[in-house]
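Me: Could you walk me through this model, one question at a time? I would like to know where each answer comes from.

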Amino acid sequence: MNKALEKENILIEEAKSNPEKFAAIYDKYIDQIYRYVYRRVNMQAIAEDLVSQTFYDALSHLKSYQFKGYTFLAW
């Protein structure tokens with residue numbers, strides 16, 4: 001496993017027991033996910049709502065996340 005994936009996996013494992021740690025994951029991926037969603041819906045308000053829901057769902061189901069060799073973004 002490369003160092004970036006290892007560091008991310010450690011952060012995710014910490015976030016499972018301390019949701020405040022999820023902020024670092026959010027900060028890392030918010031722009032990329034927002035751009036992806038916005039390109040598909042082409043409406044700012046809808047993109048913001050969808051991205052918000054995406055991160056809410058990710059945090060809500062974080063305990064079920066299992067590292068499989070890919071970035072958290074793939075999950």
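Me: How many aromatic pairs does a search of the whole structure find?

Reply: This is a predicted model, in which local features need pLDDT of at least 70, side-chain atom pairs count only at pLDDT 80 or more, and totals for chains, interfaces and linings use all residues. Residues are numbered from 1 along each chain as its sequence is written, and side-chain values use heavy atoms, with hydrogens and water left out. Rings of Phe, Tyr and Trp (its six-membered ring) pair if their centres lie within 6.5 Å; planes under 30 degrees apart are stacked, over 60 edge-to-face and the rest tilted. By that rule, the number of aromatic pairs in the whole structure is seven.

Me: What is the angle between the planes of F22 and F55?

Reply: F22 and F55 make an edge-to-face pair, 6.3 Å from centre to centre. The pair links distant parts of the chain, with F22 in helix 2 and F55 in helix 3, 33 residues apart; helices here are DSSP runs (H or I, at least four residues), numbered from the N terminus. The angle between the planes is 70 degrees.

Me: Is F22 buried or exposed?

Reply: Buried means under 20% relative accessible area, exposed over 50%, and partly exposed in between (1.4 Å probe, protein chains only). F22 has 6% relative accessibility, so the term for F22 is buried.

Me: Why is the pair of Y34 and Y38 called stacked?

Reply: Y34 and Y38 both lie in helix 2, four residues apart, about one turn of the helix. Their ring centres are 5.9 Å apart, and the pair counts as stacked because the planes are at 20 degrees.

Me: Which residues form one aromatic cluster?

Reply: F22 and F55, the edge-to-face pair, both belong to the cluster.

Me: Which helix gives the most to the lining of the largest pocket?

Reply: A pocket is found on a 1 Å grid over the protein atoms alone, as an open set of points where a 1.4 Å probe fits, with protein on both sides within 12 Å along at least five of seven lines; lining residues have an atom within 4 Å of a point. The lining here is Y29, I33, T54, F55, D57, A58, F72, L73 and W75. With four residues, the one that gives the most is helix 3.

Me: Which backbone nitrogen does the side chain of E8 reach?

Reply: E8 sits in helix 1 (residues 3-17). At a relative accessible area of 6%, E8 is buried. Its side chain comes to 2.6 Å from the backbone nitrogen of F72.

Me: What is the phi of N42?

Reply: Most residues other than glycine have a negative phi. N42, in the loop between helix 2 and helix 3, is not a glycine, yet its phi is positive. N42 is also exposed, at 55% relative accessibility. The phi is about 55 degrees.

Me: Which side chain does the side chain of E13 contact?

Reply: E13 is in helix 1 and is partly exposed, with a relative accessible area of 38%. A polar contact is a pair of N or O atoms within 3.5 Å; within protein, one must be able to donate a hydrogen and the other to accept it, and residues adjacent in sequence count only if both atoms are side-chain atoms. At 3.1 Å, the partner of E13 is K16.

Conventions
Helices (H or I, at least four residues) and strands (E, at least two) are DSSP runs, numbered from the N terminus.
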